[in-house]
There are 2 protein chains.
Amino acid sequence: MISKTYTKYIQSLHQKKFRDLENAFIAEGSKVVMDLLTSPKIVCERLLATQQWLIENEQQIRKDSHIPMEAIDAYELDKISALSTPNQVLGVFKKLKAGSIDPVGKVTLVLDSIQDPGNLGTIIRIADWFGVSAIICSDNCVDRYNPKVVQSTMGSLGRVELMYTHLADWLIKYPAIPIYVTALNGTGIESIKGLKEGIIVIGNESKGVSDEILDLANEKITIPKIGGAESLNAAVATGIILSHII
Amino acid sequence: MISKTYTKYIQSLHQKKFRDLENAFIAEGSKVVMDLLTSPKIVCERLLATQQWLIENEQQIRKDSHIPMEAIDAYELDKISALSTPNQVLGVFKKLKAGSIDPVGKVTLVLDSIQDPGNLGTIIRIADWFGVSAIICSDNCVDRYNPKVVQSTMGSLGRVELMYTHLADWLIKYPAIPIYVTALNGTGIESIKGLKEGIIVIGNESKGVSDEILDLANEKITIPKIGGAESLNAAVATGIILSHII
């Protein structure tokens, strides 16, 4: 049984302004929660789970932590969950300290106005798959701690660093690093292979990359199109680009 | 103003059993509806839209069709919409006639138990981008006329043919066509390039491709992994694979 105050506290974390205020966020589902628990950078404040889940997982977690865990009923989980179909476990975590990202000597992903939570989460998961450890987001990208983003990362959130900033101001700080921007009329992606250092800019789902950023590009890159679709989903485009250039 | 009966009819189309019974489906949003209207294969039964949308688009549609159009209020659209944020237009369309798909001389996509509507819709859009005109779905894949699938296709539904069937029975009919199955321990995708004829099997989001289908594979293929993520989203994997082999 969780208190009314704590229920309200968790519900408030569904919204960005309270996540910022409380410096905390929620994650749901066994896979996502277990992955975050193993991340050395992320601190868990509390775990709330069904009795069943605790029986199955408690031992494994207790081994190396002192996380407060509590068994709650399905109807309570339903109240605090941000999902339409609540999972068996919900964790309250402290947000990571915002650090700065240095793009020297590696491939860095830059996201311009990615506003769909599912897309951002999937992009974080893709970056993690391809070993891209840093993502720079424009200030108007969706919050990485949005419950739907956390859900779609499938646990990769603890392994990929994110920084929110004004993109143009950040990009001009690194004139020696090549900037590749996705556009409709660029070079085919197959021409860039084995990239060791570079910045890849992915644009908004419907509007693409803003002109301000396009002007800073060293090269425009394009996923060659054969059929009739007008565009590709931003996450799918990211996956295709990283799979070719890395 | 639409009648209570027609409102109920549209609402019933949110469910597969009524879509099958009525042989109809709904599509929402300007981009999706306009794309379906231009498809020579898909017949529109009725368009319901805000006055504003009709003023802006009626002329363009009238030119080459006699589709019944009706202006409705936002609250009516809200009632019939399957979206949490209804768009300005909803079209009722007749389902396509189920045909058979011949994989000879082309690249055919086969989906094993893809159950997430967003994934299926995105895969249809990806197929359309790469000029893959035919998709075979296992019987337990989500219905292609599910409103969320239709939404995620972004209009590609009219340009890609789909067939639902028992996969193993279908695959053994074409022993001469190579079957590539996505798996964790296969050949890197970069080794297959310029494929002109072949069947690519994509597995379920969490379970992968079933053993029955794996046994039929001529080659297992893998997207090389560098980082920590356990898996890739099925739609992202499809995009990456098609971008390499076509």
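Colleague: Into which domains is chain A divided?
Modeller: Chain A has domain 1, covering 4–94, and domain 2, covering 107–245. Please bear in mind that this is a predicted model.

Colleague: What distance separates the centres of domain 1 and domain 2 of chain A?
Modeller: Taken over C-alpha atoms, the centres of these two domains of chain A are 29 Å apart. Where they touch, domain 1 of chain A contributes 16 residues and domain 2 of chain A contributes eleven residues.

Colleague: And how much area do domain 1 and domain 2 of chain A bury between them?
Modeller: The two domains of chain A bury about 1,200 Å² between them, with 62% of it on carbon and sulfur atoms.

Colleague: Which three residues supply more than any other three of the area that domain 1 of chain A buries against domain 2 of chain A?
Modeller: They are A:Arg19, A:Phe25 and A:Val32, which together supply 33% of the area that domain 1 buries against domain 2 in chain A.

Colleague: How many salt bridges does the rule find across the interface of domain 1 and domain 2 of chain A?
Modeller: The rule finds two salt bridges across that interface of chain A. A:Asp35 and A:Arg159 meet through their side chains in a salt bridge, at 3.2 Å from N to O. The count of residue pairs in polar contact between domain 1 and domain 2 of chain A is three, with both residues at pLDDT 80 or more.

Colleague: Which elements give two or more residues to the side of domain 1 of chain A that touches domain 2?
Modeller: In chain A these are helix H2 (16–22), strand S1 (24–28) and helix H3 (30–38). By class, that side of domain 1 of chain A has eight nonpolar, two polar and six charged residues.

Colleague: Staying with helix H2 of chain A, how do A:Lys16 and A:Asp20 lie in it?
Modeller: A:Lys16 and A:Asp20 are four residues apart in helix H2 of chain A, about one turn of the helix. A:Lys16 forms a salt bridge with A:Asp20, and their closest N and O atoms are 2.7 Å apart. Over all chains, the structure holds 18 salt bridges.

Colleague: Changing topic to the two chains, how many residues does the contact take from chain B and from chain A?
Modeller: The contact takes 28 residues from chain B and 28 residues from chain A. The two chains bury about 2,500 Å² between them, 66% of it on carbon and sulfur atoms.

Colleague: What about salt bridges across the interface of chain B and chain A?
Modeller: The rule finds two there. A:Glu230 forms a salt bridge with B:Lys31, with the closest N and O atoms 3.5 Å apart.

Colleague: Which helix gives the most to the side of chain B that touches chain A?
Modeller: Helix H6 (117–129) and helix H10 (234–245) of chain B each supply at least two residues of that side. H10(B) gives the most, with six residues. The side of chain B that touches chain A comprises twelve nonpolar, ten polar and six charged residues.

Technical notes. Residues numbered from 1 in each chain as written. Chains lettered and ligands numbered in written order. Predicted model: local features only at pLDDT ≥ 70, side-chain atom pairs only at ≥ 80, totals over all residues. Heavy atoms only, no water. Contact = heavy atoms within 4.5 Å. Buried area = accessible area lost by both parts, 1.4 Å probe. Salt bridge = Lys/Arg side-chain N within 4 Å of Asp/Glu carboxyl O. Nonpolar A, V, L, I, M, F, W, Y, C, P; charged D, E, K, R; others polar. Domains from an automatic or database assignment. Polar contact = N/O pair within 3.5 Å; in protein donor to acceptor, adjacent residues only side chain to side chain.
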